[in-house]
Amino acid sequence: MHINDAVFLEDLCPKFRFREWRKSIHRFTGKSCIYCGKPSESIDHVLPRSQGGLSTTENCVPACLSCNGDKSDENALYWYRKQKFYDPRRAMAIRAWSEGDLRLAIRLLQWANPNFKVNHNYKKDESEFRAA
Ligand SMILES: [Zn+2]
(Lines give C-alpha, C1' and ligand atoms only; values in the text may rest on other atoms or scores of the structure.)
Protein backbone atom coordinates (compact mmCIF):
# COMPACT_ATOMS: atom_id res chain seq x y z
CA MET A 1 0.00 0.00 0.00
CA HIS A 2 0.93 3.61 -0.26
CA ILE A 3 2.28 5.86 2.45
CA ASN A 4 -0.11 5.81 5.37
CA ASP A 5 -1.65 9.25 5.85
CA ALA A 6 -1.88 8.61 9.57
CA VAL A 7 1.88 8.78 9.91
CA PHE A 8 1.83 12.34 8.69
CA LEU A 9 -1.05 13.28 10.98
CA GLU A 10 0.91 12.01 13.91
CA ASP A 11 3.70 14.39 13.00
CA LEU A 12 1.30 17.31 13.03
CA CYS A 13 -0.47 16.77 16.35
CA PRO A 14 0.60 15.83 19.84
CA LYS A 15 0.35 12.04 20.06
CA PHE A 16 -2.35 11.83 22.68
CA ARG A 17 -4.71 14.30 21.03
CA PHE A 18 -4.14 12.63 17.73
CA ARG A 19 -4.98 9.22 19.12
CA GLU A 20 -8.20 10.49 20.71
CA TRP A 21 -9.21 12.26 17.54
CA ARG A 22 -8.53 9.20 15.45
CA LYS A 23 -10.57 7.03 17.82
CA SER A 24 -13.48 9.43 17.60
CA ILE A 25 -13.43 9.22 13.79
CA HIS A 26 -13.63 5.43 13.92
CA ARG A 27 -16.38 5.60 16.53
CA PHE A 28 -18.66 7.53 14.16
CA THR A 29 -18.96 4.54 11.86
CA GLY A 30 -18.68 1.82 14.50
CA LYS A 31 -15.15 1.11 13.27
CA SER A 32 -16.23 0.25 9.77
CA CYS A 33 -14.77 1.46 6.51
CA ILE A 34 -16.89 4.26 5.05
CA TYR A 35 -16.33 2.86 1.55
CA CYS A 36 -16.86 -0.89 1.85
CA GLY A 37 -18.08 -1.51 5.40
CA LYS A 38 -15.19 -3.75 6.44
CA PRO A 39 -13.38 -3.02 9.73
CA SER A 40 -11.67 0.36 9.51
CA GLU A 41 -7.97 0.22 10.27
CA SER A 42 -6.88 3.60 9.03
CA ILE A 43 -7.92 7.17 8.39
CA ASP A 44 -8.29 8.25 4.79
CA HIS A 45 -8.29 11.80 3.40
CA VAL A 46 -11.37 12.40 1.20
CA LEU A 47 -9.47 15.08 -0.68
CA PRO A 48 -5.87 13.84 -0.69
CA ARG A 49 -3.29 16.00 0.99
CA SER A 50 -1.47 16.12 -2.32
CA GLN A 51 -4.50 18.07 -3.63
CA GLY A 52 -4.63 20.42 -0.68
CA GLY A 53 -6.83 18.26 1.58
CA LEU A 54 -6.58 19.08 5.26
CA SER A 55 -6.35 16.76 8.24
CA THR A 56 -9.70 17.82 9.63
CA THR A 57 -12.61 15.62 10.70
CA GLU A 58 -14.56 16.70 7.59
CA ASN A 59 -11.76 15.49 5.34
CA CYS A 60 -10.82 12.37 7.26
CA VAL A 61 -12.92 9.22 7.10
CA PRO A 62 -12.47 5.76 8.58
CA ALA A 63 -11.22 3.33 5.94
CA CYS A 64 -9.89 -0.20 5.78
CA LEU A 65 -6.29 -0.61 4.68
CA SER A 66 -7.35 -2.12 1.38
CA CYS A 67 -9.50 0.88 0.36
CA ASN A 68 -7.03 3.40 1.74
CA GLY A 69 -4.14 1.83 -0.14
CA ASP A 70 -6.05 1.32 -3.36
CA LYS A 71 -7.48 4.84 -3.38
CA SER A 72 -4.07 6.32 -2.80
CA ASP A 73 -3.97 9.90 -4.10
CA GLU A 74 -7.32 9.96 -5.88
CA ASN A 75 -10.28 12.06 -4.85
CA ALA A 76 -12.47 9.76 -2.72
CA LEU A 77 -15.71 10.30 -4.63
CA TYR A 78 -14.14 9.73 -8.03
CA TRP A 79 -12.34 6.66 -6.81
CA TYR A 80 -15.36 5.28 -5.00
CA ARG A 81 -17.60 5.50 -8.08
CA LYS A 82 -15.33 3.04 -9.87
CA GLN A 83 -15.46 0.37 -7.16
CA LYS A 84 -17.39 -2.89 -7.43
CA PHE A 85 -18.84 -2.33 -3.98
CA TYR A 86 -20.10 1.15 -4.93
CA ASP A 87 -23.30 2.06 -3.10
CA PRO A 88 -24.95 5.43 -3.83
CA ARG A 89 -25.99 5.73 -0.19
CA ARG A 90 -22.39 5.43 0.90
CA ALA A 91 -21.38 7.94 -1.76
CA MET A 92 -23.91 10.38 -0.31
CA ALA A 93 -22.59 9.62 3.16
CA ILE A 94 -19.05 10.44 2.07
CA ARG A 95 -20.25 13.69 0.57
CA ALA A 96 -22.23 14.61 3.69
CA TRP A 97 -19.24 13.77 5.88
CA SER A 98 -16.91 15.94 3.81
CA GLU A 99 -19.40 18.78 4.13
CA GLY A 100 -19.27 18.44 7.89
CA ASP A 101 -22.73 16.88 8.27
CA LEU A 102 -21.68 13.81 10.21
CA ARG A 103 -25.19 13.13 11.45
CA LEU A 104 -26.50 12.82 7.92
CA ALA A 105 -23.48 10.76 6.95
CA ILE A 106 -24.13 8.30 9.76
CA ARG A 107 -27.81 8.01 8.88
CA LEU A 108 -26.91 7.23 5.28
CA LEU A 109 -24.40 4.63 6.42
CA GLN A 110 -27.06 3.04 8.62
CA TRP A 111 -29.33 2.92 5.63
CA ALA A 112 -26.61 1.30 3.52
CA ASN A 113 -25.79 -1.23 6.22
CA PRO A 114 -28.66 -2.60 8.34
CA ASN A 115 -26.10 -4.28 10.59
CA PHE A 116 -24.56 -0.94 11.47
CA LYS A 117 -23.32 -1.38 15.00
CA VAL A 118 -23.06 2.09 16.50
CA ASN A 119 -26.70 2.59 17.34
CA HIS A 120 -28.83 -0.23 18.61
CA ASN A 121 -32.12 1.57 18.71
CA TYR A 122 -32.79 3.30 15.46
CA LYS A 123 -36.08 4.83 16.57
CA LYS A 124 -34.52 6.35 19.64
CA ASP A 125 -31.69 7.78 17.57
CA GLU A 126 -34.16 9.32 15.18
CA SER A 127 -35.68 11.39 17.98
CA GLU A 128 -32.23 12.36 19.17
CA PHE A 129 -31.34 13.60 15.74
CA ARG A 130 -34.51 15.63 15.60
CA ALA A 131 -33.99 17.11 19.03
CA ALA A 132 -30.42 18.12 18.29
ZN1 LIG B 1 -12.80 -0.48 2.74
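This report describes the zinc site, the nonpolar core, the aromatic pairs and two further local features of a predicted model.

**The zinc site**

The zinc ion is held by four protein donors, namely the SG atoms of Cys33, Cys36, Cys64 and Cys67, which lie 2.3 Å from the ion. The angles among the 4 donor atoms run from 103 to 116 degrees, and the site is tetrahedral. Along the sequence, the donor residues follow the spacing C-x2-C-x27-C-x2-C.

**The nonpolar core**

The largest nonpolar core comprises 26 residues, and those with the most contacts inside it are Ile34, Tyr35, Ile94 and Trp97. Two or more residues are given to this core by each of helix H2 (15-28), strand E2 (60-63), helix H4 (76-81), helix H5 (88-98) and helix H6 (102-112). Among these elements, H5 gives the most, with 5 residues. As a general background, nonpolar side chains in soluble globular proteins tend to be buried together.

Tyr35 deserves a separate description. With a relative accessibility of 0%, Tyr35 counts as buried, because the cut-off for that class is under 20%. Leaving aside residues up to four places away in sequence, Tyr35 touches Asp44, Val61, Ala63, Cys67, Lys71, Ala76, Trp79, Tyr80, Phe85, Arg90 and Ile94. This list includes Cys67, one of the donors of the zinc ion, and also Ile94, which is itself among the residues with the most contacts inside the core.

**Aromatic pairs**

The count of aromatic pairs in the model comes to 8. Two of them are set out below, each described by the distance between ring centres and the angle between ring planes.

| Pair | Centre to centre | Angle between planes | Class |
|---|---|---|---|
| Phe18 and Trp21 | 6.2 Å | 40 degrees | tilted |
| Tyr35 and Trp79 | 5.0 Å | 80 degrees | edge-to-face |

Phe18 and Trp21 both belong to helix H2, and because they are 3 residues apart there, about one helical turn separates them. Both Phe18 and Trp21 are buried.

Trp79 has a relative accessibility of 2% and so counts as buried. Tyr35 and Trp79 also take part in a cluster, in which ring pairs link them with Tyr80, Phe85 and Tyr86.

**Two further local features**

His45 is placed in strand E1, which covers residues 42-45. This residue is buried, with a relative accessible area of 1%, and its side chain makes a polar contact of 3.0 Å with the side chain of Ser55.

Thr56 lies in the loop between E1 and E2 and, at 30% relative accessibility, counts as partly exposed. Although Thr56 and Ser98 are 42 residues apart in sequence, the distance between them in space is 9.5 Å, taken from C-alpha to C-alpha.

Conventions: Residues numbered from 1 in each chain as written. Predicted model: local features only at pLDDT ≥ 70, side-chain atom pairs only at ≥ 80, totals over all residues. Heavy atoms only, no water. Core = buried A, V, L, I, M, F, W, Y, C linked by side-chain atoms within 4.5 Å. Buried < 20%, exposed > 50% of the residue type's maximum accessible area, 1.4 Å probe, protein only. Helix = DSSP H or I, 4+ residues; strand = E, 2+ residues; numbered from the N terminus. Contact = heavy atoms within 4.5 Å. Polar contact = N/O pair within 3.5 Å; in protein donor to acceptor, adjacent residues only side chain to side chain. Donors = N, O, S within 2.8 Å, 3.2 Å for Na, K, Ca; no water. Tetrahedral: all angles 85-135°; square planar, octahedral: opposite > 155°, others 65-115°. Phe/Tyr/Trp six-rings, centres within 6.5 Å; stacked < 30°, edge-to-face > 60°.
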